[in-house]
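Subject: Structure handover

Dear colleague,

Here is the structure you asked for, with the sequence alongside. My notes on what turned up follow below.

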Amino acid sequence: MAWTIRGRTGEWELVCGLEIHAQVISKAKLFSGAATSFGAEPNTQVSPIDAGMPGMLPVLNGFCVEQAVKTGLALDAEINKVSIFERKNYFYPDLPQGYQISQYQHPIVGRGRVLLDLPDGTTKAIGITRLHLEQDAGKSLHGAREGVTLVDLNRCGVALMEIVTEPDIRAPEEAVLFLKKLRSLLRYVGTCDGNMEEGSLRCDANVSVRRLGETRLGTRCEIKNVNSMRFVAKAIEYEARRQVELLENGGIVEQETRLFDAAKGETRPMRSKEEAHDYRYFPDPDLLPLELDDALVARLRAELPELPDAKKARFVREYGLSAYDAGVLVAERAAADYFEAVARGRDPKQAANWVINELFGALAKRGLDIEACPLPPEALGELLDLLAEGRISGKIAKEVFHEAFESGARPRAIVEARGLEQVTDVGAIEPIVDKLLADNPAQVANARKNPKVVGWFVGQVMKATGGRANPELVNDLLRKKLGLG
Amino acid sequence: MSLDKATVARMAELARIALPEDQLEQLVGELSGILAWVEQLAEVDTEGVEPLRSVHPIRRSWRADEVTDGNCREAILANAPERENGYFVVPRVVE
Amino acid sequence: MSGLNRLGLLEARTLLRRREISAVELARACLAAMERGRALNAFITETPERALAMAEAADARLARGEGGLLEGLPIAVKDLFCTAGVRTTAASRILANFVPPYESTVTAKLWAEGAVLLGKANLDEFAMGSSNTTSAFGPVINPWTPPGTEPGLVPGGSSGGSAAAVAAFLCPAATGTDTGGSIRQPASFCGIVGIKPTYGRCSRFGIVAFASSLDQAGAFARSVADAALLLQAMAGFDPKDSTSADLPVPDWVGELAPRVRGLRIGIPEEYRVPGMPAEIETLWARGAEWLRAQGAELVSVSLPHTRFALPTYYIIAPAEASSNLARYDGMRYGLRVRGRDLVDTYKRTRGEGFGAEVRRRILIGTYVLSAGYYDAYYLKAQKVRRRIVEDFQRAFERCDALLAPTAPSAAFRIGEKSDDPVAMYLNDVFTVTVNLAGLPGISVPAGLSAEGLPLGLQVIGRPWDETTVFAVARALEEAAGFSAVPPRAVEV
């Protein structure tokens, strides 16, 4: 994506990498048996292990390990047979042990890549540097009372995957595309729900700029708290422009952590110059090296679903869909599955149109996910069948669709109950046509001179039949009676 | 290696331990002595030796993904120096 | 019946099972002894009510012909094991009022086998020490301190309270933990038996951590058989401790016999350290001769990295401790000393909550892990540690167990060596190697020094081979016939 910042002194290029924290979908925490669900009463989902009480020991949740491996496979990444949990030591009230158990020198997943479909139809690979498992911290509440902070440890110890990309991003929009693609992959493999509002997917961006053509990297700033798709591009662009302005005015970029203020749309330095961090990482002696055997990795690979890139290619190939439509349909696994259920034995392009236009539109209007769709794919299929059989018109079909979507009733039942079936019986339509011709001699004369006026008569018949008359049949009948052959 | 006062003070800062000036003075001597003593290790040839990670080969035992713990707020908060509405109360954290 | 406090575990068990004595009587005798022996300062917390309630329940089970391995047997527990509802201090100011809502796996196993808790024994603060002088609850007095000697002799450490309590007949047995010699050295100083099993044999869950890769729970008693019995109840796989081994626990007590015929006993040459007192050397030679006389073959073995064991230990243990003790920050439990702000509160809490030795080790540990020094210290130490492990592996190709002194001296006076940390650390010269290699080791009382103080011999075994360790220890015990009673033993 060609995206540059035109400064006073020339053109500048963005260099950006992302660090994503994705909360692992699991019932229990990474090292304890406490629950992970969102929104519980404070400190009710805390084990003495999470609270860092004396003598408590971590035991690794094997399912979280599997989730990380699955994610690694989805990122087309190397799976490391041996990885090490280390302690990252620092003091903070939401970090009860005084250290975070994380992976440092030996992460569970190594290099991989994610393919982005750019708007110009090309693809771009964003390199994945690594993925590692670590514990989440607790939550601090400030300002409830003067001079104190309240601490809730419910999130403490929940498993996170930290996913780090190479600095391959060159445009703010690419970061958004990457996040969307990553979210899609995570949801496909079922390892993270990707919910940014609840904090299950959090993003930090490392941003630097350099003059176009320069190959060395500039000094980067880490932007924290870009926790919505909407703000990712804004935050990166703001920060890149800030750095360009700074550099063009003879300043230098200081390596620092900055916070994105969504309300003001700007970034600001996060910490006043506090002591340099020295996390004193060392292997956690309470945990053994994490060893994966080939059989486990092979089983997880076999369990992997068809991933979006492969599915998209297949939709184009098998169903003859456009790359764009296929891309829209595969973004969510549930949507792709829905589409396939509708398309089976039907016209796939028509199915794709209905899913993308009518269904997605109706879902968006109600703010629903595809998982919560009130209209099952069999119902939409039934509607398309009614259309294909010529039993309802396209106009009626849309009406039936909305009614089925709202009420949950089946399209056939709606059509029957409301008598919406197309009238294809000549005996039923002929008297209406005859009356119409008799009542409108002037228009009849017109029509004989100008056959386009037949359309007016068709409209009148449709009106009179509540849209149920088969328009082709009406057209044929009128032409015959008007002697237009 | 002999430590200086600034280094010991920095370690105390990292470890969040308040040290009065007189203790700091004494610790510089003691810690320097200990470090000088442990530096004998430099004599050992460890070329190509992997650092020890676990003393015996122990078969891994992973936890099943089941909720078996938690839901014990009273036990978690029982020893808290200060608590309020189910939260731990701590001195204000400055961002 | 008087003198019940002098019964060993197995003797008492026989009498309990025959219903000749009751668990309540036995507990009362020990509680009375503890009261009389308070000058020794062996306990931080006595739990008489709990002891009597547990003893009553044990009596009820015994009356029904039921009961576990330790039914009705009273024991002391080092105050490093978390006990639900009973304060657990680690002998530190920072945990002075901490009452755990959970039970350590080891103590839970003891209660499940019917043992009776008498109280929580004193120790060096966070188990950091070799003299039990760093306790925030005051030093423990070795019951072997001759009358009139002030300030008294140290019981060794860190499990000094446990060792002193058993030696002074306040209880028949006690739990301990051993990170660098904290069971074996006090056992030697107090003239009793102390076993540290293989790393991974006992669960560490619920034991206040000092140095996770070295800490291991073990047992004190006045005989090898009693120590084997207590350890048997403590040991076993625990899914709550990732470093605990999923291996069956042998029937150590049932199989126990002084059997050394055909065994090859290694004598590690490098343990003849410069300046070793002649009486220690003599004791060691005598021990070897006892084993040879009973049919063992003596072989000389080499452990070339022995002299690097203490420096290795004094990097790894403080490094792990500096991180393990970060949780004591005054936020969720334990002492909080209010400061100007959050950081000041942390610093004052930890500055005032920890004693001098703990602070010293945290600072050393922080330093060896800090940026720029990690490779030179911590990583180097883990490499040397592998060398030490390999030394033992090679030695065990040539022998079945090793014989060595437990400590380089008999008990010393309180206050001695306390102004020179390195001199104090040298106490563990013969014991730390065993922790670094994760091996089982036992100290057996083998004789008295010229001053009439007990001296112990140490038997070191292959990983998971406590069976051989107990057999050799039993042979030493039989030959030594150690029966001296400390001058400050308590009679009730």
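Leaving out residues up to four places away in sequence, Val472(C) touches Val260(C), Leu263(C), Ile265(C), Leu291(C), Ala401(C) and Val459(C). Val472(C) belongs to the largest nonpolar core, which has 287 residues, and is among the members that touch the most others, along with Ile75(C), Val116(C), Ala165(C) and Phe220(C). There is also a second, separate core of 34 residues, which includes Leu329(A), Ala336(A), Val342(A) and Ala379(A). As background, nonpolar side chains in soluble globular proteins tend to be buried together. Please keep in mind that this is a predicted model.

Chains C and A

Chain C contains 16 helices and 11 strands. A compact globule of 492 residues would have a radius of gyration near 23 Å, and chain C has 21 Å, so the value agrees. The C-alpha trace of chain C spans about 65 × 55 × 50 Å along its principal axes. Of the 492 residues in chain C, 67% are buried. Among contacts in chain C with a separation of 6 or more, 77% are between residues 24 or more positions apart.

Chain A contains 15 helices and 16 strands. For its 485 residues a compact globule would have a radius of gyration near 23 Å, but chain A has 30 Å. Its C-alpha trace spans about 95 × 60 × 50 Å along the principal axes. Buried residues account for 44% of the 485 residues in chain A. Of the contacts in chain A with a separation of 6 or more, 69% join residues 24 or more positions apart.

One exposed position in chain A is Ile252(A), in the loop between α3 (229-248) and β13 (257-261). Ile252(A) counts as exposed because it has 10 C-beta neighbours inside 10 Å, and the cut-off for exposed is 12 or fewer. Ile252(A) and Val342(A) are 90 residues apart in sequence, and their C-alpha atoms are 58 Å apart in space.

Helix α1 of chain A

Helix α1(A) covers residues 62-74; at 1.5 Å a residue its 13 residues should span 18 Å, and the end C-alpha atoms are 19 Å apart, which agrees. Because 11 of its 13 residues are buried, α1(A) is largely enclosed by the rest of the structure. The buried residues of α1(A) include Phe63(A), Cys64(A), Val65(A) and Val69(A), and also Glu66(A) and Lys70(A). Their cover includes the strands β6 (112-117), β7 (123-135), β10 (159-165) and β16 (290-291) of chain A, as well as the helices α2 (172-189) and α4 (294-303) of that chain. Just after α1(A), Asp76(A) takes a positive phi of about 55°.

An open sheet of 4 strands runs in the order β8(A)-β9(A)-β2(B)-β1(B), with antiparallel pairing. Its edge strands, each pairing on one side only, are β8 (139-142) of chain A and β1 (83-84) of chain B. Within chain A, 4 bridges join β8(A) to the antiparallel strand β9 (residues 148-152). His142(A) has Thr149(A) in β9(A) as its bridge partner.

Contacts with chain C

The contact between chains B and C takes 39 residues from chain B and 56 residues from chain C. On the side of chain B that touches chain C, the elements giving two or more residues are α1 (5-14), α2 (21-38) and β2 (87-91) of chain B. The largest share of that side, 7 residues, comes from α2(B). The residues on that side of chain B divide into 28 nonpolar, 6 polar and 5 charged.

The contact between chains A and C takes 24 residues from chain A and 36 residues from chain C. On the side of chain A that touches chain C, the residues are 15 nonpolar, 5 polar and 4 charged.

Phe308(C) sits in the loop between β8 (297-301) and α10 (309-324) of chain C. Is Phe308(C) buried or exposed? Phe308(C) counts as buried, because it has 22 C-beta neighbours inside 10 Å, where the cut-off for buried is 20 or more. Apart from neighbours within four places in sequence, Phe308(C) is in contact with Gln40(B), Leu41(B), Val44(B) and Val384(C). Phe308(C) and Glu56(C) are 252 residues apart in sequence and 51 Å apart in space, C-alpha to C-alpha.

Best regards

How values were computed:
Residues are numbered from 1 along each chain as its sequence is written. Chains are lettered from A and ligands numbered from 1 in the order in which they are written. This is a predicted model: local features need pLDDT of at least 70, side-chain atom pairs count only at pLDDT 80 or more; totals for chains, interfaces and linings use all residues. Two residues are in contact if their C-beta atoms, placed from the backbone, lie within 7 Å. Ala, Val, Leu, Ile, Met, Phe, Trp, Tyr, Cys and Pro count as nonpolar, Asp, Glu, Lys and Arg as charged, and the others, Gly among them, as polar. Two strands pair if DSSP finds at least two bridges between them. The expected span of a helix is 1.5 Å times one less than its number of residues. A nonpolar core is a set of buried Ala, Val, Leu, Ile, Met, Phe, Trp, Tyr and Cys residues joined through C-beta atoms within 7 Å. The radius of gyration is taken over C-alpha atoms; the globule rule is 2.2 Å times the number of residues to the power 0.38.
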